[in-house]
Amino acid sequence: MNLLGAFVNAFRVPDLRRKILFTLLIIAVYRFGAHVPSPGIDVNTALSASGGATGGVFSFINLFSGGALTRLSIFALGIMPYITSSIIMQLLTVVIPKLEAWQKEGEAGTKKITQWTRYLTVMLAILQSTGLAFLFHNRQVVDADLIPEFSGPRVGLIVLSLTAGTALIMWLGELITARGVGNGMSILIFTSIVSTLPSEGNAILQQKGLGNFLAIVGIALVVIVLIVIMEQGQRRIPVQYAKRVVGRRMYGGSSTYIPLKVNQAGVIPIIFASSVLYIPTLMQNVIQNRGIQNFINDNLVNSASAVYMLLYGLMVVFFAYFYTAITFNPTDVADNIKKYGGFIPGIRPGRQTAEYLDRILTRITLPGALFIAGIALMPSIFLATQNIQQLPFGGTSILITVGVTLETMKQIESQLMMRHYEGFLK
């Protein structure tokens, strides 16, 4: 069955059809909000200056907001505050015993962590929106003053609007997760990225001509294939379970495997590295030292600089290892295997199993970390070598787009297979 037939089958199932239509409705609301200007800004100046944010970090935030950043709309912050707060809460779970206890409580503990994630999202949105108000007024994002009447009440209104917009985006994403198809936050990020592709592709076509445009499209197809291979790539560790008798029943005697993904951390290292680079950019208005301000502008805002690319690449690799260590604990996995009577052939249960898993995970994480670092640096490399301001088919955008597409297709396929329809993936 072809891909079109799978889409037709998806709409034949009433429950699945309602979920898809509900998801499309939320996406429409989200894109509408990305074009609603925040109160207190110069709308005409914002529209004329909405060609794109300057600098690697601002381009990254603008990408995640679907171009709403440079328009300073109510959704200008996008989903970034929620993503950052989610990562912070996940990291704090490891170091704060109370959060770790909540995580082990199941659904009740997850609700508590989610609620604190929302509180942290609002706090981050307030801080980021305040910094953005000063940056837009000082012409450090776009070459125009979007807030000509700069005053305390005006800034307070803008901060309130952007924070409320972030809270609304967070609610829309949770609605998609609960009543729609796929992960809501991922779907909204996917929507923001895809919405910028036509304009950025047309800009490259007008700037570089048809030949270079087709060459970039060809590179994009190759990168997509490599990303699919990397996202699906895994090292399968075989595990065997011994037979055991409980009462009159015999359990175990089966064999399975532990799938260790090559890219265990996904796109999280890129997001976290960009968030770290975003902090000094927001703080440059507080720092009065002209030398430090010039260094930030030349090396942390300019994505074509060698310092920016070096720091960005190293941080992506570091956070890939760091996040993998946070999410996968070889000691806990080894203890669970031993607890249920399992063992890895040729490896003693317990400590040696944990060391074996840790060694394998360390080795396969390196190519995955280097790969996503290279993907993240693609726009900077093109900017430095080809003078292309925006690369619509490369970098973080294509990595997220392919990843979200694969996960959403898997979810729709599982729904179809439950109803005896053939899915998308063979």
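This is a predicted model: local features need pLDDT of at least 70, side-chain atom pairs count only at pLDDT 80 or more; totals for chains, interfaces and linings use all residues.
Residues are numbered from 1 along each chain as its sequence is written, and side-chain values use heavy atoms, with hydrogens and water left out.

H6 covers residues 80–95 and H8 residues 107–137, and their axes, which come within 8 Å, cross at roughly 130 degrees (axes are lines fitted to C-alpha atoms, for helices over the stretch in contact, and angles between N-to-C directions run from 0 to 180 degrees). The two helices are therefore oblique to each other, since angles under 35 degrees count as roughly parallel, over 145 as roughly antiparallel, 65 to 115 as roughly perpendicular and the rest as oblique. On the H6 side, the contact is made by Pro 81, Tyr 82, Thr 84, Ser 85, Ser 86, Ile 88 and Met 89, and H8 contributes Ile 113, Trp 116, Thr 117, Leu 120, Thr 121, Leu 124, Ala 125 and Gln 128, where contact means heavy atoms within 4.5 Å. By class, these residues comprise nine nonpolar, six polar and no charged (Ala, Val, Leu, Ile, Met, Phe, Trp, Tyr, Cys and Pro count as nonpolar, Asp, Glu, Lys and Arg as charged, and the others, Gly among them, as polar).

H6 also packs with H13, at an angle of about 60 degrees and with the axes 10 Å apart, and the pair is therefore oblique as well. Here H6 passes H13 in a left-handed crossing. Gln 90, Leu 91 and Val 94 of H6 make this contact with Phe 322, Tyr 323, Ile 326 and Thr 327 of H13, a group made up of five nonpolar, two polar and no charged residues.

Elsewhere, helix H2 (residues 14–33) packs with helix H9 (residues 152–179) at an angle of about 170 degrees, the axes being 9 Å apart, and H2 and H9 are therefore roughly antiparallel to each other. Lys 19, Phe 22, Thr 23, Ile 26, Val 29 and Tyr 30 of H2 meet Ile 169, Leu 172, Leu 175, Ile 176 and Arg 179 of H9, and this contact has eight nonpolar, one polar and two charged residues.

H13 (residues 306–327) also holds Leu 314, which counts as exposed because its relative accessibility is 54% (buried means under 20% relative accessible area, exposed over 50%, partly exposed in between, with a 1.4 Å probe and protein chains only). The C-alpha atoms of Leu 314 and Ala 373 are separated by 7.9 Å, although the two residues lie 59 residues apart along the chain.

Among the strands, three form an open sheet in the order E4-E1-E5 with antiparallel pairing, and its edge strands, each pairing on one side only, are E4 (255–261) and E5 (342–343) (two strands pair if DSSP finds at least two bridges between them). E1, at residues 234–241, is joined to E4 by seven bridges, and Gln 234 has Lys 261 in E4 as its bridge partner.

For the chain as a whole, there are 16 helices and five strands (DSSP runs numbered from the N terminus, with helices being H or I of at least four residues and strands E of at least two). Of its 426 residues, 47% count as buried, and residues 24 or more positions apart account for 70% of the contacts with a separation of 6 or more.

Conventions:
A crossing is left-handed if the near helix is turned anticlockwise from the far one by less than a right angle, and right-handed if clockwise.
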